[in-house]
Amino acid sequence: MKEINKNIIMEKNRIFTVSEYNKSVYGEKIRNYSGKYLREWNPKRSKLAAAIIKGLKEIPLNKNTNVLYLGASTGTTVSHISDICYNGRIFAVEFAYDPFVKLYNLAKIRSNIFPILDDANMPEKYRFFVDKVNFIYQDIAQRNQVDIFNKNADLFTCAKYAMLILKLKSISSRKNERFILNNAIRNIKNFKIMEIIDLRPYDSNNYLVYIDR
């Protein structure tokens, strides 16, 4: 086993988070580990897991990190970030009601997840609920996904690091992939590009971009 950080473990081509919880969130395998549990992190269900397996160099998450998660869906990746940032708070924004119900039920079990049913296009509506985030993670399938990120980053200036999943087919289904990617990156404001990870073969036409201020 290889320790990526204190709460992320690699074993060959598999990745796990060390967890206090012995309860599956999305059907993942769980096993005992030094008085705690290892939850297998499925790279086909989580783009962050895929990026780590593909060699993501920097993971600016620790036990005290506060995270603003945009596009939280049912909470698959949120649950693993909850394992890693167990003393922090994950403010998980989701607009669609059906996945939010599952996210809300997850938050009833995990005290460090704060679900927000709202539109990430309008961060001013939830800004007073979100407190001192260090890190923004966004996974939103909308054409204006970079604009959404910029709006949130401009409002939550305390966030020094971010990861943005660029979903190229959601931006345009006609233009060349490289053109869409380069244009999207150019439109990210006030951050430096640190890493770009092509998520294939786990996820096609999607890239994880790690950025910091």
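Select E11, R14, R31 and E40. Salt bridges link these four residues into a network. The model is predicted, and a search of the whole structure finds 15 salt bridges.

**The strands around β3**

Stay with R14 and select residues 14-19, which make up strand β3. Five of the six residues here are buried, so the strand is largely enclosed by the rest of the structure.

Now bring in strand β5, residues 36-40. Four bridges join β5 to β3, and this pair also runs antiparallel. In β5, the bridge partner of F16 is E40. E40 also belongs to the network where the tour began.

**Charges over rings**

Select K36 and Y86. K36 lies over the face of Y86, at 5.6 Å from the ring centre. Then jump to R127 and F128. R127 lies over the face of F128, and its distance from the ring centre is 5.3 Å.

**Salt bridges across the chain**

Go to D139 and K47. Their closest N and O atoms are 3.2 Å apart, and the two form a salt bridge. This pair links distant parts of the chain, 92 residues apart. D139 sits in the loop between β9 (135-138) and α4 (145-155), while K47 is in helix α1, residues 47-53. Buried or exposed? Both D139 and K47 are buried.

Next, select D83 and R110. They form a salt bridge too, with the closest N and O atoms 2.8 Å apart. D83 is in helix α2, residues 76-84, and R110 is in the loop between α3 (97-109) and β8 (113-117). The partners are 27 residues apart, and they link distant parts of the chain. D83 has 4% relative accessibility and counts as buried. R110 is buried as well, at 2%.

Now pick D118 and K125. Their side chains meet in a salt bridge, 3.3 Å from N to O. K125 is exposed, because its relative accessible area is 51% and exposed means over 50%.

**Aromatic pairs**

Turn to the rings. A search of the whole structure finds seven aromatic pairs. Select Y126 and F156. Their ring centres are 6.3 Å apart and their planes meet at 10°, so the pair is stacked. Y126 lies in the loop between β8 and β9, and F156 lies in the loop between α4 and β10 (161-167). The pair therefore ties together parts that are 30 residues apart in sequence. Y126 is buried at 2% relative accessibility. F156 is buried at 5%.

Then select F91, F114 and F129. Ring pairs link these three into a cluster.

**Last stop: a surface patch**

Finish with Y97, V101 and L117, and show the surface. These residues form a nonpolar patch there, with about 280 Å² of accessible area together. Click L117, which lies in strand β8. L117 counts as partly exposed, at 41% relative accessibility.

Notes:
Residues are numbered from 1 along each chain as its sequence is written. This is a predicted model: local features need pLDDT of at least 70, side-chain atom pairs count only at pLDDT 80 or more; totals for chains, interfaces and linings use all residues. Side-chain values use heavy atoms; hydrogens and water are left out. Helices (H or I, at least four residues) and strands (E, at least two) are DSSP runs, numbered from the N terminus. Buried means under 20% relative accessible area, exposed over 50%, partly exposed in between (1.4 Å probe, protein chains only). Patches are made of residues with over 30% relative accessible area and no salt bridge: like charges are joined within 9 Å, nonpolar side chains (Val, Leu, Ile, Met, Phe, Trp, Tyr) within 5 Å. Accessible areas come from the Shrake-Rupley method with a 1.4 Å probe; for residues, only the protein chains shown count as cover. Rings of Phe, Tyr and Trp (its six-membered ring) pair if their centres lie within 6.5 Å; planes under 30 degrees apart count as stacked, over 60 as edge-to-face and the rest as tilted. A charge sits over a ring if NZ of Lys or CZ of Arg is within 6 Å of the ring centre and within 35 degrees of the ring normal. Two strands pair if DSSP finds at least two bridges between them.
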